[in-house]
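My notes follow in the order in which I looked things up.

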Amino acid sequence: VEQTSIPTEHDATRWWTEHYDGAAVQIVEFLAGDGYSIEGKEVADIGSGDGIIDLGVWNHGRPSRLVGYDVRPTDMDALIRSAAAAGIEDGLPDGHAFTFVKSEPDHLPSLDERFDVVYTWSVFEHVSQPVVMLREVRRIIKPDGLFFLQIWPLFGSRHGGHAWMAIDEPFAHLSRSPFELERDLIGRQGTDPTRSADDEFRSLNRLTLDQLQRALLLARLRIAKIELTAETIHIPPELAHQPLVDMAVSGVKLLAAPF
Ligand SMILES: C[S@@+](CC[C@H](N)C(=O)[O-])C[C@H]1O[C@@H](n2cnc3c(N)ncnc32)[C@H](O)[C@@H]1O
C-alpha cells in the first residue's frame with residue numbers, strides 16, 4: 001500500500017482502511033480521472049488476497065459483476081467477518097455477482113474478452129511469470145477494455161525488499177549479502193500478514209519499471225496513463241552506482257489498453 005510512514009506492526013483497523021477506502025478508491029478514481037466509470041461494468045481483480053479491496057471497489061464503484069482471482073483462494077467468510085468488524089453490514093454483495101475464483105500462476109479460468117476492466121494492486125511484484133500472466137490479463141479483457149496496475153514498492157527502491165517489518169534499514173535488501181539478509185528475515189513478520197518476511201522476499205520477481213513496460217508490450221498492452229511515486233532518498237555508499245530511477249521511484253499506478 002502506498003504510504004509515507006511505514007507501519008511496523010499489523011493493525012486490523014489500519015489495514016482495513018488502507019485497502020477498503022485507500023486502495024479501492026484510488027483504483028476507481030484513477031479510472032474516473034480519464035472519464036471511465038466502472039458502474040454497471042464487469043470487472044476482475046488479479047491477486048485478490050483477503051478481498052477487502054474488492055469489497056471496496058464493489059461499494060465505491062458499483063460494477064455489475066466482480067471476480068477476484070488469486071492463486072491462494074480468497075476466504076469469503078473471513079471477508080464478511082472483517083467487514084462486520086469494520087461496521088459494514090449493508091453493502092455486502094449477494095448472489096453470483098461478487099465471487100472469488102482460484103487461479104493458476106499461468107492461467108486465469110475465464111473466457112476470452114470477458115471483462116471491461118481488470119485491476120491488480122500490490123501483486124505484480126510477486127507474480128512468478130509476469131509476461132505469462134499479463135498475456136492472460138490481455139486475453140480476458142474486452143478489446144475496448146482497460147487494465148489498471150499498481151505496484152508499491154518497486155524492487156529497486158528503498159523498501160523494495162518488503163522487509164521493513166523485520167529490518168528497519170532502507171535498501172537493506174540491496175546492501176546486505178543474500179546470506180545475511182536471509183538470516184535476518186527468517187521467521188519474521190512479512191508485510192503481508194499471511195506470510196513470513198523470508199517467504200515474501202523470495203516471492204519477489206525484481207521487475208524494474210522498464211521491464212514492466214516491456215512485459216506489458218509483449219502481452220500487447222500499451223501504457224496509456226502512468227503515475228509514479230518518487231521519494232527523497234539517502235543513497236548508501238555501496239549503492240552509488242545503482243540506477244537512480246530504480247532507487248528513487250518507489251511506486252507505479254498505470255492504465256494500459258489492449259492493442
Ligand atoms: C501482497 S498480496 C496483495 C493482495 C491484495 N491485492 C491486497 O493488496 O491486499 C499479493 C497476492 O497476489 C497473489 N498472487 C501472486 N501471484 C499470483 C498470480 N500469478 N496470479 C494470481 N494471484 C497471484 C498472492 O497469492 C497474494 O494473495
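I began with helix 1 and helix 2, which cross in a right-handed manner (left-handed if the near helix is turned anticlockwise from the far one by less than a right angle, right-handed if clockwise). Helices (H or I, at least four residues) and strands (E, at least two) are DSSP runs, numbered from the N terminus. The model is predicted: local features need pLDDT of at least 70 and side-chain atom pairs count only at pLDDT 80 or more, while totals for chains, interfaces and linings use all residues. Residues are numbered from 1 along each chain as its sequence is written, and side-chain values use heavy atoms, with hydrogens and water left out.

I noted that the axes of helix 1 (residues 12-32) and helix 2 (residues 52-61) are 8 Å apart, at an angle of about 50°. Axes are lines fitted to C-alpha atoms, for helices over the stretch in contact, and angles run from 0 to 180 degrees between N-to-C directions. Helix 1 is therefore oblique to helix 2; under 35 degrees counts as roughly parallel, over 145 as roughly antiparallel, 65 to 115 as roughly perpendicular and the rest as oblique. I listed the contact residues (heavy atoms within 4.5 Å): among them are Trp15, Trp16 and Tyr20 of helix 1 and Ile52, Leu55 and Val57 of helix 2. By class, this contact has twelve nonpolar, five polar and one charged residues. Ala, Val, Leu, Ile, Met, Phe, Trp, Tyr, Cys and Pro count as nonpolar, Asp, Glu, Lys and Arg as charged, and the others, Gly among them, as polar.

I then turned to helix 4 (residues 130-140) and helix 8 (residues 209-218), whose axes come within 8 Å and cross at roughly 45°. That angle makes helix 4 oblique to helix 8, and the crossing is right-handed. Val131, Leu134 and Arg135 of helix 4 meet Ala215, Leu216 and Leu218 of helix 8.

Seven strands form an open, mixed sheet in the order 3-2-1-4-5-7-6 (strands pair if DSSP finds at least two bridges between them). Strand 3 (98-102) and strand 6 (221-230) stand at the edges with a single partner strand each, so one side of each lacks a neighbour in the sheet. The twist averages 15° from one strand to the next.

Finally, I checked strand 4 (residues 115-121) and strand 5 (residues 141-151), which run parallel and are joined by six bridges. Threonine 120 has leucine 149 of strand 5 as its bridge partner. Helix 4 runs at about 140° to strand 5.
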